Amino acid sequence: MREGTRDIAAAAAALDTLVENHRVFLRYLERHVGSREAAEDILQDAFAKVLARPEQAPEDEGVVPWFYRALRNAAVDRFRRQGTAERALEAFARELETHG
């Protein structure tokens, strides 16, 4: 088998494994973020990133633990962005109160 063909086959196998575990990943995220909607958003974004760069996924059975780390990092990033947005809105509200 040619190198490129093997890479494509390995990436496809990794994606298949991730898709097979979709429900498990979603439950994991729901427990950690407390919202089905947020969990679905995070999972969809994580899948999109894998589809955009499938070569980054491990070829062996390590793909599932690797994806859990990606999901954890995505959830943490979401909470950070959310916290930053909330702080910015609070600062804006204070500014309006003092200058309003």
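Reader: Why does E40 count as partly exposed?

Author: Its relative accessibility is 37%. Buried means under 20% relative accessible area, exposed means over 50%, and partly exposed is in between (1.4 Å probe, protein chains only). E40 falls in between, so it counts as partly exposed.

Reader: What kind of model is this?

Author: This is a predicted model, in which local features need pLDDT of at least 70, side-chain atom pairs count only at pLDDT 80 or more, and totals for chains, interfaces and linings use all residues. Residues are numbered from 1 along each chain as its sequence is written, and side-chain values use heavy atoms, leaving out hydrogens and water.

Reader: What makes R36 and E40 a salt bridge?

Author: The closest N and O atoms of R36 and E40 are 2.9 Å apart. A salt bridge is a side-chain nitrogen of Lys or Arg within 4 Å of a carboxyl oxygen of Asp or Glu. The pair R36 and E40 meets that rule, so it is called a salt bridge. By this rule the count comes to four.

Reader: How are R36 and E40 placed along helix α3?

Author: They are four residues apart in α3, which means a separation of about one helical turn. Helices are DSSP runs (H or I, at least four residues), numbered from the N terminus.

Reader: What makes E30, R36 and E40 a network?

Author: Salt bridges link them. R36 bridges to E40. R36 also bridges to E30, with the closest N and O atoms 3.3 Å apart. R36 is partly exposed, with a relative accessible area of 45%. E30 is partly exposed at 23%.

Reader: How do you know that D41 and R78 form a salt bridge?

Author: Their closest N and O atoms are 3.8 Å apart. That is within 4 Å, so the pair D41 and R78 counts. D41 lies in helix α3 and R78 in helix α4, so the bridge ties together parts that are 37 residues apart in sequence. D41 is partly exposed at 30%, and R78 is partly exposed at 27%.

Reader: Which residues of α3 and α4 meet?

Author: On the α3 side they include D41, I42, F47 and V50. On the α4 side they include W66, F67, L71 and R78. Contact means heavy atoms within 4.5 Å.

Reader: What about helix α2 and α4?

Author: Helix α2 (residues 22-33) and α4 have axes that come within 11 Å and cross at roughly 35°. Among the residues meeting there are F25, Y28 and V33 in α2, and Y68, A75 and F79 in α4.

Reader: Is V33 buried or exposed?

Author: V33 is buried, with a relative accessible area of 17%. V33 lies in helix α2. Leaving aside neighbours within four places in sequence, V33 is in contact with A38, A39, I42, A75 and F79.

Note on methods:
Helix = DSSP H or I, 4+ residues; strand = E, 2+ residues; numbered from the N terminus. Axes fitted to C-alpha atoms, helices over the stretch in contact; angles between N-to-C directions.
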